[in-house]
Amino acid sequence: MKVIVLGTNHAGTTAVRTLKRLDPTCEVNTYDKNDAISFLGCETLKSEGINVFMNHDVLSVDDKAKTVTVKDMLTGIDLEGVQICKNYHHAKKILEHNLDKSYKKIAVVGAGYIGVELVEAFNEYGKDVTLIDVADRIMPVYYDKEFTDLMQDKMTKAGVKLVLGSKVTEFKGENGKVTQVVTDKGSIDVDYVIFSVGVRPQTKILEGVCDLDERGTIVTNDFMQTTNPDIYAVGDCAQVFNKALNKSVPIQLATTAVRTAVTAATNIIRGNVLKSPGYTGANGISVFDFHMASVGVSVEAAKRLGMEVESINFHDLDRPEFMSSAHDV
């Protein structure tokens, strides 16, 4: 058997390793646009007998001939100091700039999980940090306002500038290096910018090959199999069954990506024997000495989806009240 895996991040890496472990005779090839693999090196996968092709863009998928067309590519950033954050290679670059004392003014664009965690990392190193997002509060997908307000208060007290409800329109620079982030509400002087906004499925090459939803997310069944029986989909680009909503939607979390990869790889090798139990979007974050976790659907998300819900606020201590280490939760 020969399997091609497109994308070698959390889901892709888990998929190729599971495929090879379940069937050592399986020929596994993986292609990715980037020049580094998730949090593993190319040599790790190669040592396991996996054929790794980095810096390769996938141009098309021929489901009839069961082939893909790829090309070598090199990626670059147009303006020095504007960095996206998606994989291990990007994280290494960001760490280098955090440790470099010449970079003092940092802007993070995108107030989701990754953006908020990046803000804390730069803040801890004494940087002047600004967090920008088009939404009017941080992490609005998973938490209701009464919780994110508490987190935002922690952030501002730590010295973080919050520029929320603002859309980035332009990056300005001098001599090829970024100097300003321009929003629809003003400009921010910067030495370095991390762009960490939401993801959109890169699935155009699959149009007409398998079914996609209105956002371009790949439609899958309980086995992570697409409507084309020879193609399985995993990670952020694939639908999963959300048990809280009772329907299939993308849940773009690393934990979900890894589980979909194990499910798909097992079913490719053994023939649709492992059904997905469904997902709830369970997640958690701990930043600025504040801890939050959520599962299912927030009240605000439920209202956007037209669901009728009620909510209860419950306050308690994380330990018995007679203990000096007890804290409110």
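**Surface patch**

I started on the outside: Val-258, Val-262, Val-273 and Leu-274 make up a nonpolar surface patch, with about 270 Å² of accessible area together. The areas are Shrake-Rupley with a 1.4 Å probe, and for residues only the protein chains shown count as cover.

Before going on, the ground rules: this is a predicted model, where local features need pLDDT of at least 70 and side-chain atom pairs count only at pLDDT 80 or more, while totals for chains, interfaces and linings use all residues. Residues are numbered from 1 along each chain as its sequence is written, and side-chain values use heavy atoms, with hydrogens and water left out.

I looked up Val-273 on its own. Val-273 sits in the loop between α6 (254-270) and β16 (283-287), and at a relative accessible area of 54% Val-273 is exposed. Element names follow DSSP runs numbered from the N terminus: helices are H or I with at least four residues, strands are E with at least two.

Next I checked β4 (residues 56-62) and β5 (residues 67-72), which pair antiparallel over six bridges; pairing takes at least two DSSP bridges between the strands. Asp-62 has Thr-67 in β5 as its bridge partner. The two strands form a hairpin with four residues between them.

Which residue in the turn has a positive phi? I found Lys-66, at about 60°, and Lys-66 is not a glycine. Lys-66 is exposed, with 57% relative accessible area.

I noted Met-224 as well: not a glycine either, yet with a positive phi of about 65°. Met-224 is in the loop between β13 (192-195) and β14 (240-242). Buried or exposed, I wondered about Met-224? Buried, at 1% relative accessibility.

**Salt bridges**

I count a salt bridge when a side-chain nitrogen of Lys or Arg is within 4 Å of a carboxyl oxygen of Asp or Glu. The structure has twelve.

- I logged Lys-204 with Glu-207, closest N and O atoms 3.8 Å apart; Lys-204 is exposed at 64%.
- I logged Asp-222 with Lys-275 at 4.0 Å between the closest N and O atoms. Asp-222 is in the loop between β13 and β14 and Lys-275 in the loop between α6 and β16, so this pair ties together parts 53 residues apart in sequence. Asp-222 is partly exposed at 34%, while Lys-275 is exposed at 53%.
- I logged Arg-319 with Asp-318 at 3.3 Å, N to O. Arg-319 is partly exposed at 39%, and Asp-318 is partly exposed at 39%.

**Second largest pocket**

Last, I opened the second largest pocket, with a volume of about 950 Å³. Its lining has 27 residues, and Phe-147, Leu-150, Phe-290, His-291 and Val-329 lie nearest the centre. α5 (145-157) and β17 (290-294) are the elements giving two or more residues to that lining. β17 gives the most, with five residues.

Pocket criteria, for the record: on a 1 Å grid over the protein atoms alone, a pocket is an open set with protein on both sides within 12 Å along at least five of seven lines, and lining residues have an atom within 4 Å of a point.

Key:
Patch = residues over 30% accessible without salt bridge, like charges linked within 9 Å, V, L, I, M, F, W, Y side chains within 5 Å. Buried < 20%, exposed > 50% of the residue type's maximum accessible area, 1.4 Å probe, protein only. 1 Å grid on protein atoms, 1.4 Å probe; cavity = no way out; pocket = protein on both sides within 12 Å on 5 of 7 lines; lining within 4 Å. Points joined across faces, edges and corners; volume = space filled by probe spheres on them.
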